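Dear colleague,

Please find the structure below, together with its sequence. My notes on it follow directly after.

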Amino acid sequence: MALQEGTAGETRTRVLPETRLLAAVIVPFLVAAWVILYLQPDRTGDLFAWPVSPSMTAMLLGGVYLGGAYFFVRAVFAPDWERIALGFLPVAGFATLMGVATILHWDRFTSGHVAFWTWSVIYFTSPFLVLLVWWRNRRLSRTTGAGARRDELDLPGPARTAARLLGLLALAIAAVVFGRPALAVEAWPWTLTPLTARVTGAVFVLGGAGVGIARHPEWRSVRLMVQVALLMLALVVGATARAWDEFDQGSVLTWVFVGWLLLVSAGSMLLYVRMEAERRAQRSAVGS
C-alpha cells in the first residue's frame, strides 16, 4: 500500500523501508561524532578524522551532528513521509559539500586513522543514498497524490517570509564561505582554516531548509524541522559560551553572529510555542 489514512480522512504517504534503514544506519555515526566533537573538542586529533581547531569549530560541527541524529531517529519511526520530507535535500547538500571539502583538503586529514576511512565512506556515499531515498519517497508521494488537506494548519505569512529570507541568506553565506574560504579566514568571528571554512559553509547549507519550509508551510511538515533547528541552535549557543575566549570580541561580526544566534533561537521558540498551541486548539475543536 502506497498510502495510509491520517486523521479525518487525510491521505499520507508511507515512509519506504529503505528510507528508514538508511536513517537507522546513519544515527550511530552522528552520535559518535557528537560525543567526540562536542564533549571532547580538545581530543579531535586523537579521536576524529582530522584535528579540528579551535574548539568552537569542533563544537559547531558536533551540534549539527546531534541535531542530525535526532532528525534521523525521528525518520526511522515517522508515521508518514510528509513529516520528514523537508530534511533530506538540505542533508544531501551538506553531505555533498563535506565530500568535496574532503577531496580539496585531503592532506589535512589523518589518513591512517579508522575515523578518516569511516568519514570518507560516509561522505562519498551518503549524498547519493540520501538523494535516492528522497527521490523514491517523493515520487511515491507525487504518484499517489498525497498531500496536505485544505484545512491543514499552516505557518502564518510572516513566518513563511522569514523562513524564506533566512534560508536564502544561509545559502548565500554557504556559497561565499565554501567558494571563497580565504574571505572567511580573514573575517570570521573565530579562527578558521580553508578546510574549516568550507566545513562551516557546508553547515550553513542546512539552513537552506527555510526555502523548502516557505514552499510547504503545513505545520505537520515543518514541526520536526523547527525542533531540529532549536536543538542545533541551543547547542551552538552553549558552544559559544564555552568557547567565548576564542572569539574576536573586537570584531563587529562577532556581535552580529551572537545577535543572529539569539534572535533566530528566540524567534524559532516563539513560533514553535504558538503553532503547538494552535495545533492543540485545532485538535480540541475537531474532537468536540
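**A buried charge: Glu82**

Glu82 is buried (under 20% relative accessible area, where exposed is over 50% and partly exposed lies in between, with a 1.4 Å probe and protein chains only), yet Glu82 has no salt bridge, and the nearest side chain of opposite charge, Arg220, is 4.1 Å away. Here a salt bridge is a side-chain nitrogen of Lys or Arg within 4 Å of a carboxyl oxygen of Asp or Glu. For charge, Lys and Arg count as positive and Asp and Glu as negative, while His and the chain ends are not counted.

Please note that this is a predicted model, in which local features need pLDDT of at least 70 and side-chain atom pairs count only at pLDDT 80 or more, whereas totals for chains, interfaces and linings use all residues. Residues are numbered from 1 along each chain as its sequence is written, and side-chain values use heavy atoms, with hydrogens and water left out.

Glu82 sits in the loop between H3 and helix H4 (88-104). Helices are DSSP runs (H or I, at least four residues), numbered from the N terminus. Which side chains make polar contacts with the side chain of Glu82? One is that of Thr13, at 2.8 Å, and another is that of Ser141, at 3.5 Å. A polar contact is a pair of N or O atoms within 3.5 Å; within protein, one must be able to donate a hydrogen and the other to accept it, and residues adjacent in sequence count only if both atoms are side-chain atoms.

**Salt bridges**

By the rule given above, there are seven salt bridges. In one of them, the side chains of Asp80 and Arg83 meet at 2.9 Å, N to O. Asp80 is buried because its relative accessible area is 0%, whereas Arg83 counts as partly exposed because its relative accessibility is 23%. Asp80 also forms a salt bridge with Arg220, with the closest N and O atoms 3.8 Å apart. That pair links distant parts of the chain: Arg220 belongs to helix H10 (residues 219-242) and Asp80 to the loop between H3 and H4, 140 residues apart. Arg220 has 10% relative accessibility, so Arg220 counts as buried.

Another salt bridge is formed by Arg160 and Asp154, whose closest N and O atoms are 3.9 Å apart. Both partners are partly exposed, Arg160 with a relative accessible area of 28% and Asp154 at 31%. Salt bridges that share partners join Asp80, Arg83 and Arg220 into one network.

**The nonpolar core**

A nonpolar core is a set of buried Ala, Val, Leu, Ile, Met, Phe, Trp, Tyr and Cys residues joined through side-chain atoms within 4.5 Å. Which members of the largest core touch the most other members? They are Tyr65 and Phe94, in a core of 89 residues. Helix H3 (residues 55-77) supplies the largest share of this core, 13 residues. H3 is mostly covered, with 19 of its 23 residues buried. From its first C-alpha to its last, H3 reaches 33 Å, close to the 33 Å expected at 1.5 Å a residue; the expected span is 1.5 Å times one less than the number of residues.

Phe94 is placed in helix H4 and counts as buried because its relative accessibility is 7%. Leaving aside neighbours within four places in sequence, Phe94 is in contact (heavy atoms within 4.5 Å) with residues including Leu61, Val64, Tyr65 and Tyr123. The C-alpha atoms of Phe94 and Pro127 are separated by 8.2 Å, although these residues are 33 residues apart along the chain.

Yours sincerely

Methods: Helices (H or I, at least four residues) and strands (E, at least two) are DSSP runs, numbered from the N terminus.
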